[in-house]
Amino acid sequence: MGLDADASRTRMAVDTATVKRIAGLARIAITDEEAGRIAPELDNIMGWIEQLGEVDTSAVAPMTAVIPNMLRLRDDVVTDGGVREAVLANAPQAEHGFFAVPKVIE
Amino acid sequence: MTDLTDLTVAGLRDGFRAGDFTAREAAEAFNTAVAGAKALNAFIVETPEHALAAADAADAARAAGEAPKPLAGVPIGMKDLFATKGVQTTAASHILEGFTPTYESTVSQKLWDAGAGMLGKLNLDQFAMGSSNETSFFGNVISPWRRKDGGNAALTPGGSSGGSASAIAARLCPAATGTDTGGSIRQPAAFVGISGIKPTYGRCSRWGTVAFASSLDQAGPMARDVTDCAIMLEAMSGFDPKDATSLDLPVPAWEAGLSPDMTGKRIGIPKEYRVDGMPAEIEALWQQGIEWMRDAGAEIVEVSLPHTKYALPAYYIVAPAEASSNLARYDGVRFGQRELPEGANLQDMYAATRAAGFGDEVKRRILIGTYVLSAGFYDAYYTQAQKVRTLIAQDFEKAWAVCDLLLTPTAPSAAFALGEKQADPLAMYLNDVFTVPASLAGLPAMSVPGGLDGAGLPLGLQVIGRPLDEQGVLNAGLAIEQRAGFSARAEKWW
Amino acid sequence: MSEYRIHGATGDWEVVIGLEVHAQVTSKAKLFSGAATAFGAEPNTQVSLVDAAMPGMLPVPNRECIRQAVRTGMAIDAAINKWSRFDRKNYFYADLPQGYQISQLYHPLVGEGRIEIALDDKNPDAGTKAIGVERIHVEQDAGKLMHDQHPTRSYVDLNRSGVALMEIVSKPDMRSPAEAGAYVRKLRTILRYVGSCDGNMEEGSMRADVNVSVRKPGDAFGTRTETKNVNSVRFVMQTIEYEAQRQVDVLESGGTIVQETRLFDPDKGVTRSMRSKEDAHDYRYFPDPDLLPLELDDAFLEECRASLPELPDAKRARYEGELGLSPYNAAVLTAEGETARWFEALLDAAGSTVTAKAAANWVISDLFGALNRIGKDIEASPVTPAQGGELLRLIADGTISNTLGKQVFEIMLETGEGAEAIVEARGLKQTSDTGAIEAEIAKVLAANADKVADYRGGKDKLFGFFVGQTMKAMAGKANPGVVNDLLKKALDQ
């Protein structure tokens, strides 16, 4: 399914509320003022991207491998791990061999 | 003795081997140049001790009569997108400020194994997102070039490998690593009058390189001439079992295979690259390039790549989509900066950390990527873009039936002033119009300097080749290089 | 089996159940990294930089994990997709270092298959039901969060992060807690036969997401809830019982069911809503650009198929058909791969004089009884199949009686000695020495002349009395067959 020519005309504008929802999904804190500034920028970019909808791709497969290549599989051998110091070396907060984060209530 | 910083990679390597100078002398000369060029802001971290250690090892090996390594005696710059063990690696971001990898990227390791030393970590657009090096958390990189018009406007070195470009053009290092996702090696190379090649996707391992867009990211060398690019690329390439997309192929002897003779080669000129508003000087240089190719024995054929105009919008779906996911790991839990406001829960911490840690352009692309992948939009945007990508690759496939290589301008303009395009993200994106199609198709492509525009700024020509035909690309680049005789260099002001 | 119904105020309700079982693939190393998978290691010691999602780290798939998932698919008669892909499922959580889970949404490795369940384990005649399997895909496990170690912090252990899981998604074909329980047990049996998962639910090697909805019989499917990470067969059944009743209560009091994620509380036996997964609906799946499509060749598939063992259903049919075992015994002996393997090793060791029936009866009554008493699994049985075979051979060839056989087995359990050695050393060999037996028979008949007269007068039932007396006189060591023959001769004179 591609965008058809109509889609570009009926496309939903990227508004402040959309930007806030997307920023929430992307876990980027954003103020109303920032969202208000970014919305027209994104809307402009998305409007330009809409031209892709002109292309008839009904008989085209999406690209999977840019250069023909087979997915190699590795052998089931333990070759890694046992490097806790390296794993924790850059942690903002590490205690008792764990990474520490604000308490999560599930 | 000549100024060692004027030597190319080949010149340094050969001079060292001949005993004209020691590796330490060469390293010291470049360390001094780096230390004296703060005004360019090309380096985020300087590592003179690393360069000296590699030089001393080379000198000791030579004294012991050992066969010299391929890059013994050559200090280089490392784009700060490659993880370097024990040396801060930031991708020019705040979120990775202070991040010190416990591991070495495959590409950098290969260079050290080849005997090269590291002068420092080069500045870049944040997470390699940008075409002007204005998105770095560590400040803009300044091009050593200035317009002849007497104005002293600071110019962009291009991006994202702007630090690499600026440092090579200013003779701070003879060569550097770059990465190219949509033109990040070729466009800056063109802007500062140097050469740079993006090899076929899969030639250089992506392991240990901070990811921007996995299906597009490819490392490659930037250097003063084509021969140096060949030497560097040989050292950087090769199969890596740690990267599932790495090509399991031997590395050709590109340097030994260099030949400027284009006899029997058909050079395609894609008509869709004649875009509206392209400066006449660039059109003229392109014509000149065609003449040079003919002079070198090539046959010129006009070809059509009909989906070219859709390459950029497809790229601005695929690259941000992949980036939005690739950058999810920067969350303040395991490494990098953490922002923890009073009373914040885990999800608040993520949002605050990422808001403070990413710059505007990175956020913009994460938002675009998140948007195009979000519920209900996946097929309309991402799937459609990947289908268009197939069509773009097929355009190239068809072209290869009638030609061996393609010749185009590298960028639609010469270097612009810093700040000039910052206000309009879209105008900035359009700068990649000639480089993005080859990236989408994974093809080898290089930029070589062709001449100067009326303002005295370098312009580049791009050669695009078939998959795995880096040799053909390098050879065509060499043919241009020999005919262009490009010897201009930025006058030192820094 | 009668249909399972919730009896509500407005009538009977039918329960519709689908299960997504996450089974940890048996492998030494993780799905995309070379770190170990062993259970119970110190925190963050089985973590590679790939598992910790350090910048620039890349996944490379483990062939064995793919192979085991393919073999599992073959074991449930599923279509194997020679072309599949890994996708990224994007969400933020502290146990998910990459910010996405590598899974398979659009093109799973294994397509549709089926699993036969017994409608009543105790009664083989109750019949079976085929439960459809929608798909099996391969994905990464997440790390573990610990909430009870610090008052204001949670701790993250990534040892499990990146361990390979198979997600086995059933169709909504189950209609009762019992069916769901039977499905999980049968799936576990198959996985253990195949060797693709150890089925250890306590260690989290198998967990189920339980999808439950209710409807009036004949109506369209109702809105379902998904209860996550239920880790025992009993809890799966409890979840369904509770959740179905809860939904009926909500619907009958005029409410509607919200499609949501819930958690099962094993202490209280209830499920509750999990608000922490609020934007779970927008995972932004897309193909993982770090990985190429997974393409399997015929040789790979051939090896997967050739390496499959005889599966439980086929084995049970063979035990009934070829070995002549009762349906019940066949079911019991094939329920676990270990039991079947032990039983078959026993048959081999016992040799042709021992019937499969006799061996099956001995395993189910004597061996199981003993193992039950000493609290050991069949794998840890102190008596080996070879020793058991020796014992059964001695009984079959008449060297010892059944009764003595039980005594010898007890001694074997205690001492670990072989049956023959025990019989030899303790003089337990039964005798067929006709002279000695005839002498004792003569004494018995002489001492019971009145009964001999009664017998000869037509009281046939007394024959057993004479046998017992003779055996007693022989201290149990006489061959019962010989005793029978000689007694008959003596009495019929």
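This is a predicted model: local features need pLDDT of at least 70, side-chain atom pairs count only at pLDDT 80 or more; totals for chains, interfaces and linings use all residues.
Residues are numbered from 1 along each chain as its sequence is written, and chains are lettered from A and ligands numbered from 1 in the order in which they are written. Local features need pLDDT of at least 70 and side-chain atom pairs count only at pLDDT 80 or more, while totals for chains, interfaces and linings use all residues; side-chain values use heavy atoms, with hydrogens and water left out.

An open sheet of 4 strands, with antiparallel pairing, runs in the order β1(A)-β2(A)-β9(C)-β8(C). Helices (H or I, at least four residues) and strands (E, at least two) are DSSP runs, numbered from the N terminus, and two strands pair if DSSP finds at least two bridges between them. The edge strands, each pairing on one side only, are β1 (94-95) of chain A and β8 (144-146) of chain C. Within chain C, β8(C) is joined to strand β9 (residues 153-157) by 3 bridges in the antiparallel sense. C:Lys144 has C:Asp157 of β9(C) opposite.

Chain B gives 37 residues and chain C gives 30 residues to their contact, where contact means heavy atoms within 4.5 Å. The size of an interface is often given as the accessible area lost when the parts come together. About 2,800 Å² is buried between chain B and chain C, with 61% of this area given by carbon and sulfur atoms; buried area is the accessible area (1.4 Å probe) that two parts lose on being put together, summed over both.

The interface of chain B and chain C holds 1 salt bridge (a side-chain nitrogen of Lys or Arg within 4 Å of a carboxyl oxygen of Asp or Glu). It joins the side chains of B:Arg206 and C:Asp290, at 3.0 Å from N to O. On the side of chain B that touches chain C, the elements giving two or more residues are α9 (311-326), α10 (346-357), α11 (360-373) and α12 (378-399) of chain B.

UniProt, in an unreviewed entry, places the feature "active site" at B:Lys79, B:Ser160 and B:Ser184. These residues are spread over 106 residues of sequence but cluster in space, with a largest C-alpha distance of 11.3 Å. B:Lys79 lies in strand β2 (residues 75-79) of chain B. For chain C, UniProt lists residues 341-491 as "domain: Asn/Gln amidotransferase" (unreviewed entry). UniProt positions are given in the numbering used here, feature names are shortened, and annotations may be inferred rather than shown by experiment. Residues 341-491 of chain C are 72% helix and 0% strand, and the end C-alpha atoms of this span lie 48 Å apart.
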